[in-house]
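I would ask you to look at the structure while I go through some of its features.

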Amino acid sequence: MSKKDSAGAAQILAYLNEKNRPFSAQDVFTNLQKQCGLGKTAVVKAMEQLAQEGKIQEKVYGKQKIYFADQSQFADVSDAELKKMDARIAEISTEVQTISQSCRQLDTELKELNSSLATAEMKAQIQELQAECSGYRERLDEIKSAKNHVTPEERQKVYKERETYVKEWRKRKRLVTDMVGAILEGYPKSKKQFLEEAGIETDEDHKVTMPNI
């Protein structure tokens, strides 16, 4: 056996002792291919040689050969230690389930974000909403400045329209705020910088206060 093969066999032996579980030659070749630099044939020969020397154990199941560490080198495990191991396995299994659930939740959130509007589309909607709100404000100002007398019915109609517009204003402002908030979650700059770059003007920029209904 060459020095390279001897070194590879030593690595295989150390690997089987460390993992202490059954492996086929294919498994070992796949797991240690980069580490050992041995071809599959060399791995098979090394494992057969280790088995012949009694350094590892070999079991044959039909055409399949399974190799594992020599169990005589390990100390016996007491029932108490086994119970402790079982408890640790149960604990780790619970952690795995929790992490898996978190991963599924994050995956769902990612899919929702991917299916949401693109930044350009959001900017277009924000500008459209701003234009509509501006039109509502202008119409409201015209109604307030009207000097002609109106009947109680007309006045009531105006009040209802005002209430509708203010509700729509509040609704659309909240929509814009939510969309901007969603963008800012993945935006590397501040909210102020985003609003400036997107050309978004807020009510506060114009010192406009939303009236109470």
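A residue is called buried when its relative accessible area is under 20%, exposed when that area is over 50%, and partly exposed in between. Please also note that this is a predicted model.

Let us apply those terms to Lys 207, in the segment after α7. With a relative accessible area of 78%, Lys 207 is exposed. Its phi is near 55°, a positive value in a residue other than glycine.

Asn 20 also has a positive phi, near 50°, and is not a glycine either. Asn 20 sits in the loop between α1 and α2. Its relative accessible area is 34%, so Asn 20 counts as partly exposed.

I turn now to helix α3, which runs over residues 40–52. From first C-alpha to last, α3 reaches 18 Å, close to the 18 Å expected for its 13 residues. Which residues of α3 are buried? They are Val 43, Ala 46, Met 47 and Leu 50. These four lie on the same side of α3, because they cover an arc of only 95° around the axis. Thr 41, Lys 45 and Gln 52, on the other side of α3, are exposed. Just after this helix, Gly 54 takes a positive phi of about 75°.

Finally, consider a pair of helices. The axes of α6 and α7 come within 11 Å and cross at roughly 110°, so the two helices are roughly perpendicular to each other. The crossing is right-handed. Where they meet, α6 contributes Val 180, Ile 183 and Leu 184, while α7 contributes Lys 191, Phe 194 and Leu 195.

Definitions and conventions: Residues numbered from 1 in each chain as written. Predicted model: local features only at pLDDT ≥ 70, side-chain atom pairs only at ≥ 80, totals over all residues. Heavy atoms only, no water. Expected span 1.5 Å × (residues − 1). Buried < 20%, exposed > 50% of the residue type's maximum accessible area, 1.4 Å probe, protein only. Arc of directions from axis to C-beta. Axes fitted to C-alpha atoms, helices over the stretch in contact; angles between N-to-C directions. Parallel < 35°, antiparallel > 145°, perpendicular 65-115°, else oblique. Left-handed = near helix turned anticlockwise from the far one by under 90°. Contact = heavy atoms within 4.5 Å.
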